[in-house]
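Student: Could you take me through this structure by way of questions and answers?

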Amino acid sequence: SAAGSWWSNAVVYQIYPRSFADSNADGIGDLPGIIQRLDHLARLGVDVLWLSPVCPSPHDDNGYDISDYQDIDPLFGSLDDFDRLLAAVHGRGMKLVMDLVVNHTSDEHPWFTGSRDAGPGGPKRDWYIWRPARPGMEPGTPGAEPNNWQSFFSGPSWTYDEESGEYYLHLFSRKQPDLNWENREVRQAVHTMMRWWLERGVDGFRMDVINLISKDPALPDGHMAEGSRYGDGSPYYICGPRIHEYLAEMHREVFAGHPRRLLTVGEMPGVTTEEAKLFTDPQRRELDMVFQFEHVGLDQGPGGKFDVRPLKLTDLKASLGRWQTGLAETGWNSLYWNNHDQPRVVSRFGDDSPAYRDRSAKLLATVLHLHRGTPYVYQGEELAMANTAFTTIDDFRDIESLNHYRDRIALGADEEKILAGLRHRSRDNARTPMQWDATEHAGFTAGTPWIAVNPDHTTVNAKAQLADPDSVFHYYRRLIALRHTEPALTDGDFRMLYPEDEQVYAFTRHDRGRGTDLLVLANFSGDDRTVTLPEGWANTETLIANVPDTAPLADSHTLQPWEARVHRRR
Ligand code: ISL
Ligand code: CA
C-alpha cells in the first residue's frame with residue numbers, strides 16, 4: 001500500500017498547459033500563465049501538479065510527440081520559466097510531476113531522423129522498429145504493411161519510408177514512431193534524460209502508455225473483428241514480455257538511492273488488476289501506482305470509443321469495486337473521472353443541465369474521492385466544466401478526432417452520425433480553455449484561443465465559484481481537505497453495498513487501526529430513492545453532503561435526485 005510515503009494521502013491535479021492560462025496573448029497556455037494561477041491550486045489544496053508535456057514538439061498530438069526531451073517548447077516558455085514554476089510550486093508546499101512520453105518520440109526527434117536517414121544498418125537504425133513489407137507484397141502498397149495492426153489514431157500502425165524501403169511502427173500517429181526498447185542504448189538514453197529532470201528538481205513522472213513499451217518481437221498479426229479492416233495488435237504490446245524487466249531496470253537506474261522519495265505513475269491502457277498488482281507491489285520496486293481505463297470504457301459499444309452507449313451503474317460499480325478488492329492488500333491505483341483524453345464527466349456520468357449540474361458534479365466527486373487510491377482532479381473539473389457545443393468538424397483540433405472523421409467520411413459514413421459521436425467523446429471536450437472568469441475568452445487569453453472557449457463560461461467560472469461558499473470549487477476543496485484529515489479515506493477497507501442497484505452507489509470504508517467507519521450514499525439519478533441503511537448508521541455524523549441536512553439520518557433514508565452524503569461513526 002501507499003502507507004508511509006508522502007504521497008499516500010495526496011491529491012493530484014492535472015494541468016494541460018496548452019489550455020490552462022495564456023500569459024502572452026498568443027492564444028496558447030504557457031508556463032508563466034501557470035505561475036500566475038498557482039494561488040487557485042493552493043486554495044484548492046491539492047498536493048501534486050502533473051503537467052502534460054511541455055518539451056519541444058511539432059504538436060502533431062499536442063506535445064505527446066516530443067522532439068527534444070531536455071528543453072521547453074518555446075510555445076510554453078523556457079527552461080528558466082520552468083525553474084521558476086518549479087520553485088513557485090515548491091514554495092507553496094506542492095510537488096511537480098512531469099509527463100514522461102517514451103513509448104515513442106516525434107518523427108522530428110534527432111534520434112528518429114538519424115535512424116531513418118542512415119538507412120538499414122545505420123548506427124541508430126535499431127532505436128526504432130523497422131520491418132520490410134509483408135513477404136510477396138509490393139512495398140508501399142495497401143496491405144503490404146509488415147502486420148495488420150491498427151493505430152490508435154485510425155489507419156495502419158506502419159508508415160512506409162520510400163528512401164530505405166522499410167516501414168516503421170507507430171502505435172499512435174505516423175509522427176509518433178515507437179522506440180525500440182529491446183535496444184539497451186535506447187533504455188540508457190531514457191534513463192539519462194530522466195535523471196536530468198530529477199536533478200532539476202522535479203518530483204516524479206507520469207509515464208505515458210508505459211505498459212506498451214515491450215512488444216512481442218515476432219509482431220504477429222492481430223485478430224480481425226468481423227467487418228474491420230485492421231487487426232487488434234494489443235495482445236502483443238499490452239504488458240508485453242519484457243515490461244516488468246524494463247520497469248525494474250528503470251527503478252534501479254533512476255529512482256533507487258535517490259535522496260528524495262519520488263512519485264511514479266504508470267498510465268496503462270488495458271492493464272488487468274493482476275498485472276497492476278505486480279507493477280505496484282512495493283517489494284518489486286517498479287512503480288508507485290497505475291492509471292487504468294476500465295471504468296471509462298464502460299459506456300462504449302463494440303464500435304469503439306465513438307460508439308456511445310448509456311452507462312449502466314451496475315457495470316461502473318462492478319469495475320471500480322473489482323479494482324478496490326483486487327488491490328486491497330497489495331498495490332495502488334489512481335482514481336479519476338477526467339483527464340485530457342476523456343470527455344467531461346459531469347456531461348458523461350452526471351447531469352449537466354442547469355438543475356443538476358452542480359449537484360451531480362459534487363456527487364461524482366464524492367464517490368471518487370471516497371474510494372481507496374490516489375484521487376486526480378483534471379483542470380476545470382473542480383468547476384464542473386462540461387462538454388462544449390462543437391458544431392462542425394472545423395471546431396475540432398484533436399488528431400484522433402480529425403483522423404476518425406476523415407476515415408469514416410472516406411468510408412461513406414453519415415456525417416451527422418460521426419459528429420454526434422465526436423461531440424460526446426472527442427478529447428477536445430477536455431481541452432477547451434480553463435474558465436477563469438466571465439469575460440471574453442474566460443480570462444484564459446487576451447488573444448484568440450487555439451480552441452474555442454465553452455460559451456457557458458459566463459456562468460461556470462472560477463471567479464464566481466470562489467465567491468460562492470456553496471460552489472463546486474469549495475466542495476472539492478472540502479473533499480481534498482478530508483483526504484488530509486480523515487485517515488479512513490487513505491487506509492480504510494472498502495466494501496460495496498447494494499451492488500445490483502441501478503441507481504444507488506453506496507459503500508463503506510473501515511479503518512481497522514482506528515476503528516472509524518465511513519458510509520457513502522449517492523443517488524445517480526434524477527429521481528428520489530429510498531434506501532434501507534445497514535445497521536448502526538442512524539443519527540451518525542454527516543462528514544460532507546451535497547444537499548443540506550433536513551433531519552438526522554434514519555434507517556430508511558430518501559435520497560433526493562443526485563444527492564450524495566458521507567457519514568462517519570467511531
Ligand atoms: O484517448 C485515447 C484514445 O481513445 C486513449 O486510448 C489514449 O490514446 C491512451 O490512453 C494513451 O494516451 C496517452 O498517450 C497518447 C496521447 O495521445 C494521450 O494524450 C496520452 O494521454 C499518445 O502519446
Ligand atoms: Ca502563450
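Tutor: This is a predicted model, in which local features need pLDDT of at least 70 and side-chain atom pairs count only at pLDDT 80 or more, while totals for chains, interfaces and linings use all residues. Residues are numbered from 1 along each chain as its sequence is written, and chains are lettered from A and ligands numbered from 1 in the order in which they are written.

Student: What is the strand order in the open sheet of eight strands?

Tutor: Strands are DSSP runs (E, at least two residues), numbered from the N terminus, and two of them pair if DSSP finds at least two bridges between them. The pairing is parallel, and the order is S9-S8-S7-S3-S2-S1-S11-S10.

Student: Why is one side of S9 and of S10 left without a neighbour in the sheet?

Tutor: Strand S9 covers 289–291 and strand S10 covers 334–335.

Student: Which residue of S8 is the bridge partner of Arg 206?

Tutor: Strand S7 (residues 204–207) and strand S8 (residues 263–267) run parallel and are joined by four bridges. In S8, the partner of Arg 206 is Val 265.

Student: How many nonpolar, polar and charged residues are in the shell around ligand 1?

Tutor: Around ligand 1 there are 13 residues, of which Asp 61, Tyr 64, Phe 172, Val 209 and Asp 341 come nearest; a residue counts as near if its C-beta atom, placed from the backbone, lies within 6 Å. Ala, Val, Leu, Ile, Met, Phe, Trp, Tyr, Cys and Pro count as nonpolar, Asp, Glu, Lys and Arg as charged, and the others, Gly among them, as polar. By class, the shell has six nonpolar, one polar and six charged residues.
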